[in-house]
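Hi,

Here is the structure I promised to send over. Have a look at it first, and then read on for my notes.

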Amino acid sequence: MIAPHKDFQAARALDDQGVLLPYQRRWVEDQAEVKVVEKSRRIGISWAEASDDVLYAASISGDDVWYIGYNKDMAGEFIGDCAAWARRFQEAASAVEETVFADEKKDILSYLIRFASGHKITALSSRPTNLRGKQGRVIIDESAFHDDLPGLLKAALAFLIWGGQVRVISTHFGETNEFNSLVQDIRAGRKPYSLHRVDFDEALADGLYRRICQVLRREWSPEAEATWRQKIIDTYGDDAEEELFCVPSQGSGVFLTRALIETCLDRDLPVLRYAQPPEFTVTGFEDWRRSVVQDWLDAEVAPLLDCLDPRRRSYLGEDFGRKGDLTAIMPLVERQDASFYAPFIVELRGIPFKQQEQIFCYIADRLPRFSYGALDAGGNGMYLAEAAIQKYGASRIEAVTFSESWYRDNMPRLKAAFEDKSILLPYDADVIEDLRAFKVVKGVARLPDLRTMGQDKGQRHGDVGIAAALAWYSTRFEGAVIEFQSTGRRRATAGRAMNAFLGR
């Protein structure tokens, strides 16, 4: 039997020697009730988890630990790791017992370590159905490979009622696997769990190969690490993306199906399309161009803004385009049931920079309780994003530069909005095609570098889809509210003669 350590914090401080690599330390230090990690093969997450489990079970303030692997070898390896950590922390040998755990259907051989604290670590060779009634911490290792992960989680989550904890560890095993569904639910905000992700290259950057060289008494060098890395990738071949880089093997690559999209569309919501020919940018004076655009805003946009409930918060998403692609501006307004709708979408083609700023600010100024906006800051989009930040402040406007991590973290939330019917957009053929343009590439939804043709025969690149993603992203934030009350006045329709001159 292992005696409890005299000082729990002192035991944890033993790791200050650098035994755990940074990603292992981040996992151990996260004491969330439920935490999940998607990981590369053989990077030592379970080994690090064992260190924390020993301290948890050895402490008087801790509890029992239940380890669930999907085979006997995993159970034996984990309990061996726990015994090694116990010796390190306690400077005492641990006795490993082999016992028989009575399952509802059969008896299962289990491994067990007892502590003088009265707690124990029990590692089982297969999933027991009678987790129910137990208490403490549950570790579900390689959870993607369990036969009934939802049922196992359902039983494990009952531990939380009396202060227990759940740890879910796994590599991926297919896009449709329940583990991937759990990960996507966390990213979508459906599950309030802590999520970690460590792929092969991230583990290498944190010193994995250096540690391997240390253990195997090899000499480390950058060249040796690069050679070893490529050898491991070549060994996995076509499975390397899933086994090493946390990318579940794909199905069709479709992110949002047409059927799903159409459940969240309303034919009464309009799409406002405003285009100008190339000569508009260089014809006349700036005041004239501003007047022409103001006429359109007063005639087409103002009536829609005036109809909005002044009590509801509103948000904005914008995807920028100047030549070729469109600018898409999407306001989202909250509804009484906590869902959101787009009272309209604005699409701009061929509109100069200053007039795009004019249009965006006109909408933002008049939206009820405008709280937050996210703008595409890639390329020329930085102009409008910067102008909006200068006017409304960084507490209300975010300039978003798209990256794989941004798509990975935020696109599942957009999909969840459609699945939960929390978003309502205009029913429009181009809107549907822009939303369908997202594809799952290496496990992450993004826009492929392909253009389509819209109903106006103009080029599109999922513009409304990006605006929708940014608008939905904005709803997560509560910036300082801008209050607005319309005066009801309309500007005179100056500039109509020049409109006629340009053939509109």
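This is a predicted model: local features need pLDDT of at least 70, side-chain atom pairs count only at pLDDT 80 or more; totals for chains, interfaces and linings use all residues.

Let's start with strand E2, residues 65–68. Are its side chains buried or exposed? They are buried on both faces: Val65 and Tyr67 point to one side, Trp66 and Ile68 to the other, and all of them are covered.

Which strands does E2 pair with? One is E5 (residues 120–124), joined to E2 by 4 bridges and running parallel to it. There, Tyr67 has Ala123 as its bridge partner. Another is E6 (residues 137–141), again parallel and again with 4 bridges. On that side, Trp66 sits opposite Val138.

Now for the helices. H15 (residues 404–419) packs against H17 (residues 463–474) at an angle of about 90°, and their axes are 9 Å apart. Because 65 to 115 degrees counts as roughly perpendicular, H15 is roughly perpendicular to H17. If you want to find the contact on screen, look for residues including Trp406, Tyr407 and Leu414 on H15, and Ile466, Leu470 and Tyr473 among those on H17. Sorted by class, this contact has 11 nonpolar, 2 polar and 1 charged residues.

Last, the aromatic rings. How many aromatic pairs are there? The count comes to 22.

- Phe353 belongs to helix H13 (residues 353–366) and Tyr383 to helix H14 (residues 381–392), so to speak two distant parts of the chain, 30 residues apart. Phe353 is partly exposed, at 29% relative accessibility, and Tyr383 is partly exposed too, at 31%.
- Phe402 and Tyr407: the centres are 5.5 Å apart, but the planes are at 15°, so this pair is stacked. Phe402 counts as partly exposed at 25% relative accessibility, whereas Tyr407 is buried, with a relative accessible area of 13%.

Phe402 and Tyr407 also belong to one aromatic cluster, together with Tyr372, Trp406, Tyr473 and Phe477.

How values were computed. Residues are numbered from 1 along each chain as its sequence is written. Side-chain values use heavy atoms; hydrogens and water are left out. Buried means under 20% relative accessible area, exposed over 50%, partly exposed in between (1.4 Å probe, protein chains only). Two strands pair if DSSP finds at least two bridges between them. Axes are lines fitted to C-alpha atoms, for helices over the stretch in contact, and angles run from 0 to 180 degrees between N-to-C directions. Angles under 35 degrees count as roughly parallel, over 145 as roughly antiparallel, 65 to 115 as roughly perpendicular and the rest as oblique. Contact means heavy atoms within 4.5 Å. Ala, Val, Leu, Ile, Met, Phe, Trp, Tyr, Cys and Pro count as nonpolar, Asp, Glu, Lys and Arg as charged, and the others, Gly among them, as polar. Rings of Phe, Tyr and Trp (its six-membered ring) pair if their centres lie within 6.5 Å; planes under 30 degrees apart count as stacked, over 60 as edge-to-face and the rest as tilted.
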